Amino acid sequence: MNDSPISPPLVSVTDLTVTFGGRRPVHAVNGVSFTVGTGEVLGLLGESGCGKSVTLRSLIRLHPPKRTTYGGRIQIDGQDILAMSEDQLSRYRGSVTSMVFQEPLLAFDPVYTVGKQIAEAIRRHTGIDASAARTEAIRLLDRVQIPQAAERFQAYPHEMSGGMRQRAMIALALSCRPKLLLADEPTTALDATVQIQILLLLRELQREMGLSIIFVTHDIGVAVEISDRVAVMYAGRIIEQGPIAEIISAPAHPYTQGLLSSTVTQGMRGTRLEAIPGAPPDLAALPPGCAFAARCRYAGADCVESVPDTGADAGREVACFHPLPPPLHEGAADAHAR
Amino acid sequence: MGFYVLRRVIYALPIALSVTVVCFLLVHIAPGDPLNAVAPADAPVEVINALKVAYGFDQPLPVQYFRWLGRALAGDLGTSVATGRPVLAEVMTAVVNTILLAVFAAVLGFSLGAVLGGMAGYRHKGIVDRIATALSVIGVSVPHYWLGMVLTIIFSSKLNWLPAMGAGPGGSKEWLWDAEHLRYLVLPVTTLAVIPLGIVTRTIRALVADILSKDFVQALRAKGMSDRAVFLHVVKNVAPTALAVMGLQLGYLLGGSILVETVFAWPGSGFLLNTAIFQRDLPLLQGTILILCMIFVLLNLLVDIIQPAIDPRMRRS
């Protein structure tokens with residue numbers, strides 16, 4: 001897409017591991033690698049507890065520092081995130097990379113006005129005075145299509161509707177013109193109609209600002225709506241990634257296939273919804289082999305012994321010893337066309 | 001906001017009125033004849049009856065109540081049976097002494113409790129947290145009259161550093177702002193501060209730990225706010241509840257601790273109450289309880305008014 005071969009990608013994560021300490025350390029992320037180009041939207045897809053949010057939050061090192069051990073490398077906009085000091089980190093957060101949270105009601109401080117919380121971020125990163133920050137915050141509220149932005153500036157979070165709060169959250173996240181936006185299931189807590197509006201708004205702003213987005217979701221429909229590429233995660237690893245259309249039409253990993261066939265799509269009335277048997281593994285006691293092997297109907301002896309590598313093939317990566325063959329009647333070209 | 005204040009004040013009125021009823025009834029329901037204090041046990045019946053008429057005890061209770069209420073509203077709480085001085089004057093002297101004690105104890109207990117609780121909340125389950133929790137449990141559970149006695153034994157009897165009793169040299173009841181008088185404050189204030197210290201520490205610790213676990217704290221960090229800026233957000237979130245608890249505690253302190261004031265012979269309202277009870281000084285007892293209750297009602301009203309000024313969520317409900 002926009003990532004030309006000459007300029008390096010905006011985000012480059014290499015072999016990232018995240019472990020939460022304690023008596024029984026939890027290996028939440030186990031060797032995740034991906035890149036995001038400038039102006040690209042990467043969907044991070046997976047079920048609860050697969051490490052997608054943990055991966056996302058690692059990009060601004062938001063986990064409690066005392067209990068978290070990071071491994072690998074995170075390079076964003078030429079900066080080594082894991083090597084940053086606390087001071088550098090707080091200047092980087094919100095300015096280069098910012099975040100939109102799942103539940104906007106909880107992500108705003110209830111005792112400050114929404115406007116003040118946006119102005120606060122602007123002042124933190126630009127150093128302009130209070131009245132200029134206020135003007136800018138109102139402009140942003142207006143930009144995310146909040147009616148009567150000047151009045152809404154004075155509103156407290158509990159005085160706004162869910163959709164409006166999420167718009168304000170987006171205004172806050174984009175207030176310092178970041179290059180990368182981390183979106184942690186920003187539409188999950190919203191009504192279906194509001195969901196679409198928020199996704200359209202994000203897409204529009206993303207194009208306008210040339211923004212890169214990493215969008216975490218468990219909802220394939222949402223991922224299709226917003227992403228250029230998706231990475232499917234399972235038990236703290238990316239098991240498959242590639243262009244969204246290809247993944248949807250021709251999943252190569254058995255887990256991706258299971259995930260797709262357990263989702264309701266049009267024209268399915270009367271057919272039984274497939275479910276993936278079993279449950280995800282305990283992240284404190286991961287098996288030595290492929291984490292999905294125990295639930296996989298294609299698993300062989302090799303799957304239990306070692307973790308399969310991601311084999312790169314023209315933008316497609318699959319971490320599987322027995323990847324599914326592409327469907328016979330549908331060519332990759334057709335899938336792209338969708 | 002003005003409407004809210006007005007509504008709160010109107011709500012406080014029936015409470016204040018019921019307090020007067022309870023105050024009045026309490027004394028009349030309590031066993032024992034109020035005239036025992038004035039008349040000797042072997043006084044002739046005519047004298048007793050004459051006294052009854054003089055004090056108005058021959059009238060039915062409701063009549064007595066309204067007469068008493070009417071006088072009380074006019075600022076006349078009667079005269080002390082024991083000393084013959086106006087009750088209002090007696091109570092006011094005592095209340096001023098108690099306020100002195102309460103304010104010092106509150107400042108000490110609240111500030112120490114806020115610092116300790118805040119630190120414990122920030123270092124949830126750390127070593128500071130454990131120490132603060134242990135201290136607050138001790139503070140809440142140690143009987144403070146016992147603590148007062150122990151402190152007296154150590155610092156007055158053994159070390160002879162501080163006076164054990166009274167509010168000033170030579171048993172004076174009038175307060176003066178000098179070093180000599182301040183020395184008399186140290187032990188009772190320390191003793192009295194222990195309970196609010198414990199409660200405030202515990203409350204603020206729980207509040208801070210709870211706020212820090214909220215999503216918005218993560219969101220603040222995610223937008224690059226410094227630790228100091230996050231701390232200010234935490235303070236503003238903790239303040240409404242912490243203030244309510246402190247207001248309540250200040251109310252208890254202003255009520256005067258009968259036990260602590262008795263241990264230290266501090267001439268405050270608690271001590272006065274104790275004296276009034278033991279001397280069966282009915283007008284004094286009634287007047288003291290009434291004024292203490294009114295202070296409590298007033299303080300709650302004040303907290304009610306201040307709280308929504310800090311917490312916007314309480315403004316429109």
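This is a predicted model: local features need pLDDT of at least 70, side-chain atom pairs count only at pLDDT 80 or more; totals for chains, interfaces and linings use all residues.
Residues are numbered from 1 along each chain as its sequence is written, chains are lettered from A and ligands numbered from 1 in the order in which they are written, and side-chain values use heavy atoms, with hydrogens and water left out.

Student: Which residue in strand 2 of chain A is the bridge partner of A:Val18?
Tutor: Helices (H or I, at least four residues) and strands (E, at least two) are DSSP runs, numbered from the N terminus. Strand 1 (residues 11-20) of chain A pairs with strand 2 of chain A in the antiparallel sense over eight bridges; two strands pair if DSSP finds at least two bridges between them. In strand 2 of chain A, A:Val18 has as its bridge partner A:Val29.

Student: In what order do the four strands of the open sheet in chain A lie?
Tutor: The edge strands are strand 2 (26-36) and strand 5 (79-80) of chain A, each of which pairs on one side only. The pairing in this open sheet is antiparallel, and the order of the four strands is 2-1-4-5.

Student: Is A:Ser98 buried or exposed?
Tutor: A:Ser98 lies in strand 6 (residues 97-100) of chain A. Leaving aside neighbours within four places in sequence, its contacts (heavy atoms within 4.5 Å) include A:Ala173, A:Pro178 and A:Leu182. Buried means under 20% relative accessible area, exposed over 50% and partly exposed in between, with a 1.4 Å probe and protein chains only. Because its relative accessibility is 3%, A:Ser98 counts as buried.

Student: Which residue of strand 7 of chain A is the bridge partner of A:Thr97?
Tutor: Strand 6 of chain A and strand 7 (residues 180-184) of chain A run parallel and are joined by four bridges. A:Thr97 and A:Met99 point one way from strand 6 of chain A, with A:Ser98 and A:Val100 pointing the other way. The partner of A:Thr97 in strand 7 of chain A is A:Leu180.

Student: How far apart are the end C-alpha atoms of helix 7 of chain A?
Tutor: Eleven of the twelve residues of helix 7 of chain A are buried. The expected span of a helix is 1.5 Å times one less than its number of residues. The twelve residues of helix 7 (residues 162-173) of chain A should therefore span 16 Å, which agrees with the distance between its end C-alpha atoms, 16 Å.
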